[in-house]
Amino acid sequence: MNPVIEELELAEPYIGGLLASLGLGVQYLRAEGNSLFYRDSAGSEVSVLDMVGGYGSTIIGHNNPEIVAYAKSLFDQRIPIHAQLSEHPIANEVAQKVNRIIQREFETSDAYSAVFANSGAEAFEIAIKHAEFDRLMKVAGLAEEIGTNVESARSAVSAGAGILVDEAHARLSADAGLSGDAGVDEVISGITRVNGERMAAAPVFLAPEGSFHGKLVGSVQFTHNADFRTPFTSLAVQCRFVPMNDPDALAKIIEAERRTLFDLVVEGGTVRVVERDLPTIGAFALEPVQGEAGIRPFDRETALRIQQACAAVDCPIIVDEIQSGMGRTGAFFASSHIGLQGDYYTLAKSLGGGITKTAMTLVRNTRYRKEFELVHSSTFAKDGFSTLVAGRTLDLLEAEDGEVYRLAAERGSRLLEMLNSLRDEFTTVIKDVRGKGLMIGLEFHDQSDSASAAIAGYAGAGLFGYVLSGYLLRLHAIRMFPTASAANTLRLEPSVYLTDAEISRLESGLRSLLVLLRDEDGSGLLPAEPAE
Ligand code: F0G
């Protein structure tokens, strides 16, 4: 008999079952500020303290009243949501607002052009797509110059010029398989062939180990976690991951990726082979505070090293502020704390004010290729509703001289202070507390050798963090998750409206969890087996 559709779980059914087994299978019916509400089996509403904040999408809280009222007013006005290929002054205003912030936080007069998107991964893919487009245009320009130069050299040789045999000539001869007495035509066809092969090679993209930039076909290759990345390596260009604890690694990798094109110059009646740098590196991409890797901020010294290594080969830097941006770390851009100005910025998550799916990619105007607009588009990007909401969200973030940023820094320090005191008290359980503003990681020691078989089992299976999440939700109505690539680190990304009372509530929930872990008491940690 065919199954009855109503009885089937069809929307990503596997994850639903997994969540239920960990005590995380809850349907939320209402959300406000830092709270999500569900109804328990008796029908009473339970208020859950939300530290997940939509993976960092609700810096101004769930259903922020000002944003909700504004959204309602937009619907009442019947604003056009879909008006593709028409004037879009509102998107322009959003871009201008972000530019004003960039100019202030990075003390620069540089301007950035904006391309809109619908999700973080999409914004990131726009950045790499644009970087490759720019690189190819540079390569094409170089090829054209070389084409002109070799024709001048051919004419010079016809008019009696000789070809200088030097080291560059020897490298060309070796790479192109030329004989020692090759004439100008052979030299030129050798150059054309070798250059053609080198220009056709795929670009190299670089990112620090631990990076996360999304899970679409292109962006997942910049996501270090092999479980997410390697099944799909055949589908897109690869990224090389750079160990950032080795100060020289980036410069060394960049040096190793250097390639040249051969060219000819005519100098004083002699034709000489020269080599020109070929742009091989598409971009270096990083999160100023790595999110998925378990909240790991980069420091100023590392930022400087990155800038110097990239500048040496004119490699653009993509600063992914999708999670760290929009004020979460106490400034709009987390990268501004470490003086790392990017050639590209990607924004998403909280840019939507907690109610829309919107994202943008900013490209420094000195690199921006207007032709990109003819080869990239999206039906939903830049829609009237999300663009207006993004504009209002930016106003809210910037209001009162940056009150939201101040709150993020102040609430963040208060939260860190509480977590640090728990760490001092539970040194055998908490390994580290780190972060900036309201982007905080609480790392637990590995528990795979716990005296409790249950704790050890989950830790061994990489599910430890989710067991903690289940416990906190069931017993303390606190919502907090590990990051996907750091199973022992719980991430805290609440809104700036986090109250002292909420911090105390979190403290007492965490304290009872820490006591169970310290005492290696696994029985209290997991949901009871349902009665037969
Ligand atoms: N870049 C960063 C730094 C992210 O943290 C994320 C998503 C993305 C890109 C992709 O954005 O999901 O809108 O396509 N991070 C989520 C997280 C998954 O758990 O923080 P997306």
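Q: Among contacts in the protein between residues at least 6 apart in sequence, what share joins residues at least 24 apart?
A: In this predicted model, 71% of those contacts join residues at least 24 apart. A contact here requires heavy atoms within 4.5 Å.

Q: What part of the protein's 532 residues is made up of buried residues?
A: Buried residues account for 50% of the 532, where buried stands for under 20% relative accessible area. The protein has 15 helices and 20 strands, and its C-alpha trace spans about 95 × 60 × 60 Å along the principal axes.

Q: What does the domain assignment of the protein give?
A: The assignment gives domain 1 (3–64 + 401–518) and domain 2 (146–280). Taken over C-alpha atoms, the centres of domain 1 and domain 2 are separated by 48 Å.

Q: Which residues touch the most other members of the largest nonpolar core?
A: They are Phe 284, Leu 415, Leu 442, Phe 444, Met 480, Leu 506 and Leu 510, out of 100 residues in that core. Helix H12 (residues 384–425) supplies the largest share of this core, 15 residues. Domain 1 (3–64 + 401–518) and domain 2 (146–280) each contribute at least three residues to this core.

Q: What does Phe 284 touch, not counting residues up to four places away in sequence?
A: Its partners are Leu 206, Ala 207, Pro 208, Val 242, Met 244, Leu 250, Ile 306, Cys 310, Cys 315, Pro 316, Ile 317 and Ile 318.

Q: Why are H12 and H15 called roughly parallel to each other?
A: The packing angle of H12 and helix H15 (residues 500–518) is about 20°, and their axes are 11 Å apart. Angles under 35 degrees count as roughly parallel, so H12 and H15 are described that way. H12 passes H15 in a right-handed crossing.

Q: Which residues in H12 and H15 meet?
A: On the H12 side they are Arg 411, Arg 414, Leu 415, Met 418, Leu 419, Leu 422 and Glu 425. On the H15 side they are Asp 500, Ile 503, Leu 506, Glu 507, Leu 510, Arg 511 and Leu 514. Leu 415, Leu 506 and Leu 510 are also among the core residues that touch the most other members.

Q: Why are H6 and H7 called roughly perpendicular to each other?
A: Helix H6 (residues 167–176) and helix H7 (residues 184–200) pack at about 70°, with axes 10 Å apart. The range 65 to 115 degrees counts as roughly perpendicular, so the term applies to H6 and H7. His 169, Leu 172, Asp 175 and Ala 176 in H6 meet Val 187, Gly 190, Ile 191, Arg 193, Val 194 and Arg 198 in H7.

Q: Why does Tyr 55 count as partly exposed?
A: Partly exposed lies between under 20% for buried and over 50% for exposed; Tyr 55 has 46% relative accessibility and therefore counts as partly exposed. Tyr 55 lies in helix H2 (residues 53–56). Its phi is near 55°, a positive value in a residue other than glycine.

Q: Why is Asp 401 called exposed?
A: Exposed means over 50% relative accessible area, and Asp 401 has 72%, so Asp 401 is exposed. Asp 401 is in helix H12. Although not a glycine, Asp 401 has a positive phi of about 60°.

Q: What makes Glu 12 exposed?
A: The relative accessible area of Glu 12 is 65%, and over 50% is exposed. Glu 12 is in the segment before helix H1 (13–21). Glu 12 and Gly 25 are 13 residues apart in sequence and 13 Å apart in space, C-alpha to C-alpha.

Key: Residues numbered from 1 in each chain as written. Predicted model: local features only at pLDDT ≥ 70, side-chain atom pairs only at ≥ 80, totals over all residues. Heavy atoms only, no water. Core = buried A, V, L, I, M, F, W, Y, C linked by side-chain atoms within 4.5 Å. Buried < 20%, exposed > 50% of the residue type's maximum accessible area, 1.4 Å probe, protein only. Helix = DSSP H or I, 4+ residues; strand = E, 2+ residues; numbered from the N terminus. Domains from an automatic or database assignment. Axes fitted to C-alpha atoms, helices over the stretch in contact; angles between N-to-C directions. Parallel < 35°, antiparallel > 145°, perpendicular 65-115°, else oblique. Left-handed = near helix turned anticlockwise from the far one by under 90°.
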